[in-house]
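Here are some worked exercises on a sheet, its neighbours and the cores around them. Try each task with the structure open before you read the solution.

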Amino acid sequence: MVSDARKRVAERWSKIDYRSGSIDENGYSNKRSKPDIIDLTLSDTEEIAETSEHRTQRPSSEVPEVPVGNCPFRIIKSDVFDSGGGKSQYFTDLNEIFNDPTLHKTFLFSFQYELDFLMGHFHRNVERIVLVAQEGTVLPPTTPQALSLVPKTLLIQFRMPPFTCHHSKLVINIYEDGACRIFMPSSNFTYAETNYPQQVCWRSPRLSAVTNPPTVAFQQDLIRYMDSYNSPDIQKYITPCLKNLNFEPLNDVQFIYSTPSKNYVSGLRLLAAKISSLKQDNNKNLTHHYLCQSSSVGNSLSKKTSVNLFTHLMIPVLDGMIPADSKDTPETSRLLQLYKSRSVVPYLLYPTVQEISSCPAGWLCSGWFNFNYNRDLNHFNMLRKQFKVLYKQDNAVTSKQRRATPAHSKFYLRSSTSAVNETPFRKLDWCVYTSANLSYSAWGKTRAKPRNYEVGILLTSPNLYCQSFADLVYKGKSTSLPQGVTVAVPWTTSLEPYGDNDEAFCISKEYEMLDCNGRRLS
């Protein structure tokens with residue numbers, strides 16, 4: 001008998017009929033007839049009765065400006081972890097993003113839309129909601145409030161090939177005065193995903209409308225990303241709104257994206273080009289720490305030998321060990337020598353079984369973490385035993401509200417230290433925050449384009465620091481923010497290597513243990 005926990009873990013997938021061609025987050029697809037564009041707008045003769053639920057609006061909450069030199073990241077408030085209330089300037093939610101009375105139109109990019117959940121957060125003043133989605137990933141509206149927004153909603157829908165997905169998570173808000181604010185949540189627009197694992201959101205400063213905007217790389221790359229869809233509807237509804245905006249507040253931020261289009265350099269190749277333009281200090285007297293925090297870890301890049309995207313390709317390219325257009329990947333033995341000689345230390349932050357089962361949500365959060373290493377134990381053993389790359393959160397410094405709940409975010413960081421006892425990931429060389437998991441589909445390779453759509457940012461401020469939301473939100477240490485830009489992360493900045501008894505969570509394995517709430521996963 002399937003347990004209640006597993007039923008609820010599967011909640012976000014169970015409502016979609018995969019046999020009719022929908023696609024899971026790991027990229028599985030089946031054939032289905034292709035719709036071009038679906039306009040959810042009702043005909044003029046159709047009316048929706050205004051119910052009391054529709055008339056009752058949530059209080060407006062215009063998003064405050066992000067102070068220069070402060071923290072552009074927020075942690076998404078959860079019904080599970082924060083049900084007791086609690087206030088913090090580092091909290092955000094969908095109500096704060098969408099329930100602004102001055103919001104004129106919004107453009108959403110996501111892998112999943114639960115419209116009853118999403119539409120409940122909008123202010124009734126909004127004039128247009130445009131959803132960009134992969135076919136089979138939108139659950140239609142049924143509640144009065146969600147149905148009331150149907151006349152204002154346009155769905156741009158397209159089919160993705162097998163083993164690919166439209167994985168981007170992006171919100172572009174246009175306000176009544178023509179100004180814009182951009183949000184990148186780590187979650188898709190479903191209730192369970194928003195509340196069970198940890199989720200964060202990056203938000204831009206307010207970008208003003210201007211007649212002749214200056215040239216800014218972020219804007220150029222964002223428009224290239226829109227062009228990569230080759231969609232007349234995106235060109236009609238979205239791109240024009242981006243062209244007359246002043247992106248100068250984002251001069252120190254790079255827009256990073258992945259696209260399956262062959263007409264654009266994206267994914268790993270784009271990131272490598274951006275990183276190569278930085279003045280990185282690769283002094284051998286410094287130790288260079290590379291961290292990947294991902295909710296999914298892909299299989300080996302090769303069927304013949306164990307080749308991991310992070311250890312065998314990303315770090316070697318970004319650290320300058322191999323050319324960005326390298327055709328061959330160094331063997332593990334050679335890489336281990338290079339890592340040692342160049343003082344490079346890799347970290348792969350991925351949840352253990354023990355962390356998931358003991359976090360407040362227990363097994364309920366487990367469905368968002370995929371590392372199916374049972375299929376390739378050689379690959380897993382190479383990562384754990386040879387590179388010793390697997391790390392977990394420091395349980396001693398987690399918050400009591402969230403403990404070691406794993407995060408659905410994806411961060412890629414580099415931090416350099418000069419002393420043996422200096423703690424890494426306090427000050428950063430650069431930071432990538434993205435929707436892209438650690439997989440070939442998300443990033444592509446040096447000579448192969450990505451298969452997915454993904455979006456993210458690269459932060460390159462000379463004064464870039466990292467701090468945990470556990471400290472900022474739950475331990476009252478927000479006054480300790482240094483001067484500069486702070487990357488706030490939903491995990492402890494101090495990490496611990498896996499111990500002998502630690503087991504990486506594998507979604508295909510059966511676990512008999514009870515979680516902290518007394519539930520079984522199998």
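**Exercise 1. In which order do the eight strands of the open sheet lie, and which are the edge strands?**

Step 1: The open sheet runs β12-β19-β18-β16-β13-β14-β15-β22, with mixed pairing; strands are DSSP E runs of at least two residues, helices are H or I runs of at least four, both numbered from the N terminus, and two strands pair if DSSP finds at least two bridges between them.

Step 2: β12 (253–258) and β22 (495–497) are the edge strands, since each pairs on one side only.

Step 3: On average, neighbouring strands here are turned by 25 degrees against each other, direction ignored. Axes are lines fitted to C-alpha atoms, for helices over the stretch in contact, and angles run from 0 to 180 degrees between N-to-C directions.

A note before you go on: this is a predicted model, in which local features need pLDDT of at least 70 and side-chain atom pairs count only at pLDDT 80 or more, while totals for chains, interfaces and linings use all residues. Residues are numbered from 1 along each chain as its sequence is written, and side-chain values use heavy atoms, with hydrogens and water left out.

**Exercise 2. How does β13 pair with β16 and with β14?**

Step 1: Start with β16 (residues 410–417): seven bridges join this strand to β13, and the two run antiparallel. Tyr290 stands opposite Arg414 in β16.

Step 2: Now take β14 (residues 344–349), which pairs with β13 in the parallel sense over six bridges. Here His288 stands opposite Val344.

Step 3: Check the cover of β13 (residues 287–293): six of its seven residues are buried, that is, under 20% relative accessible area, with exposed over 50% and partly exposed in between (1.4 Å probe, protein chains only).

**Exercise 3. Which strands does helix α12 touch?**

Step 1: α12 (residues 309–318) packs on the sheet and touches β13, β14, β16 and β18 (430–434); contact means heavy atoms within 4.5 Å.

Step 2: Compare directions: that of α12 makes about 130 degrees with that of β13.

**Exercise 4. Which residues touch the most other members of the largest nonpolar core?**

Step 1: Among the 67 residues of this core, they are Phe73 and Phe218. A nonpolar core is a set of buried Ala, Val, Leu, Ile, Met, Phe, Trp, Tyr and Cys residues joined through side-chain atoms within 4.5 Å.

Step 2: Helix α8 (residues 217–227) gives the most to this core, with five residues.

Step 3: A second, separate core has 57 residues, including Leu309 and Phe380.
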